[in-house]
Amino acid sequence: MENQLPSLDELKANSFVVRLPLRVKFRAVVEREALLLQGPAGWGEFSPFLEYEPAEASRWLAAAIESAYQPYPETTVQRIPVNATLPAVSTEQVGRVLEQYDAPHTIKIKVAERGQILQDDIARVAETRRLYPQAALRVDANAGWTAQQAVAALARLSEYDLEYAEQPVPGIDDLARLREDLAARHIDLKIAADESVRKHTDPLEVSRKGAADLMVIKAQPLGGIRQALQIVAEAGLDAVVSSALDTSVGLGQGAALAASLPELKYACGLSTGTLYKDDVTEQPLLAEAGYLQVRRPGVSRQKLRHYSVEPEGRQRWMQRLESCYAILAGQDLAQRPLA
């Protein structure tokens, strides 16, 4: 794809919709649906969560088309450091979940889960620190706290020597105020913006308002590698590359994004393939000794058939594809050349 979209009929003809089983519940789901798109450059992944509306999901489609129709940037980086991701499981499950990861040197811990309380988060973080005393720990609240809750929670959780806290509160202004409140209480903890970057109409506002110390970037929600690199360059903040519970196809695009950054200071959240019982490839992108290879995974036709959704499920995804395509077709799709 140069500066022109492939036709909708072409995209539909080369789309495969799968439903993959997860090892543990993540974002309240135990199965992950994804549309995989085959193109001249390889495979792309279109997997916005089911509740996402077309305006937001269209960026995910742009990323899938970029991946399927454009080569990844050339890079000499062959592998990238990755963190383990710990869902909001009970204390008893912490060890079993983290054992699935290969040599976790960095662990992202989900907190502020709906239906849980702060003591659950503290127990989960404390158990992780006990089991992995040398690991770098970071927490991710997915905007689940109010400003008052965030200050109280981070005051307690910072005692476990956290690398940073990801999106503790929803809004950009709330993030900026939270940083001020933490500084006033002499709580030395970096704040990372995730949803305030990928779900906001202007991802650069985080930087302009001083709302975060670093930004979390994801290839799919930001519209692909080109757009993500442009946002990082203009924001002037350190970046952490992460995934949105992608299959190995999406993780390959994320790894290519990470390898294309001018500097990679933080381990990437691209080891979520471990959360799957199975994947769409015979050679899943899984970490080895805490690092992920930078490569394009192939896709198994047998697995595509095995995990294919029912006709009604495919029709639902075709409708999502149509609505997102209509949005992209109405935009200026001129893309900068890959660096």
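In these legends, a residue is called buried when its relative accessible area is under 20%. The views come from a predicted model.

**View 1. Strand β6 and the two directions of its side chains.** Thr-106, Lys-108 and Lys-110 point one way from β6, Ile-107 and Ile-109 point the other way, and all are buried. Strand β6 is thus shown as mostly covered, with 5 of its 5 residues buried. In a regular strand, side chains alternate between the two faces of the sheet.

**View 2. The open sheet.** Seven strands are ordered β5-β6-β7-β8-β9-β10-β11 in an open sheet with parallel pairing. β5 and β11 (238–242) stand at the edges, and each has a single partner strand, so one side of each lacks a neighbour in the sheet. From one strand to the next the twist averages 30°. Strands of a sheet pair through backbone hydrogen bonds, either parallel or antiparallel.

View 3. Strands β5 and β6 pair in the parallel sense over 3 bridges, and Leu-86 has Ile-109 in β6 as its bridge partner. Strand β6 is joined to β7 by 5 bridges, and the two strands run parallel. Here the bridge partner of Lys-108 is Arg-138 in β7. A right-handed β-α-β unit is made by β6, α4 and β7.

**View 4. Lys-108 and its surroundings.** Lys-108 lies in strand β6. The residue is buried, with a relative accessible area of 6%. Leaving aside neighbours within four places in sequence, Lys-108 is in contact with Asn-83, Ala-84, Thr-85, Leu-86, Arg-138, Asp-140, Glu-166 and Ser-242.

View 5. The loop between α3 and β6 contains Pro-104. Its relative accessible area is 15%; because the limit for a buried residue is under 20%, Pro-104 counts as buried. When neighbours within four places in sequence are left aside, Pro-104 is in contact with Ala-84, Leu-98, Tyr-132 and Ala-135. Pro-104 and Thr-85 are 19 residues apart in sequence, and their C-alpha atoms are 9.3 Å apart in space.

View 6. The buried residues of α4 are Asp-121, Ile-122, Arg-124, Val-125, Glu-127, Thr-128 and Arg-129. An α-helix has 3.6 residues a turn, so residues three or four places apart point the same way. The buried residues of α4 pack against the strands β5 (84–86), β6 (106–110), β7 (136–140) and β8 (162–166), and against the helices α3 (91–98) and α5 (147–157).

**View 7. The pairing of β9 with β10.** Strand β9 (residues 191–193) and strand β10 (residues 214–218) run parallel and are joined by 2 bridges. Ala-193 has Met-215 in β10 as its bridge partner.

View 8. An unreviewed UniProt entry carries the annotation "domain: Mandelate racemase/muconate lactonizing enzyme C-terminal", which covers residues 91–185. Over residues 91–185 the chain is 48% helix and 16% strand, and the end C-alpha atoms are 29 Å apart.

How values were computed:
Residues are numbered from 1 along each chain as its sequence is written. This is a predicted model: local features need pLDDT of at least 70, side-chain atom pairs count only at pLDDT 80 or more; totals for chains, interfaces and linings use all residues. Side-chain values use heavy atoms; hydrogens and water are left out. UniProt positions are given in the numbering used here, feature names are shortened, and annotations may be inferred rather than shown by experiment. Helices (H or I, at least four residues) and strands (E, at least two) are DSSP runs, numbered from the N terminus. Buried means under 20% relative accessible area, exposed over 50%, partly exposed in between (1.4 Å probe, protein chains only). Contact means heavy atoms within 4.5 Å. Two strands pair if DSSP finds at least two bridges between them. Axes are lines fitted to C-alpha atoms, for helices over the stretch in contact, and angles run from 0 to 180 degrees between N-to-C directions. A crossover is right-handed if, with the strands pointing away from the viewer, the path from the first strand over the helix to the second runs clockwise.
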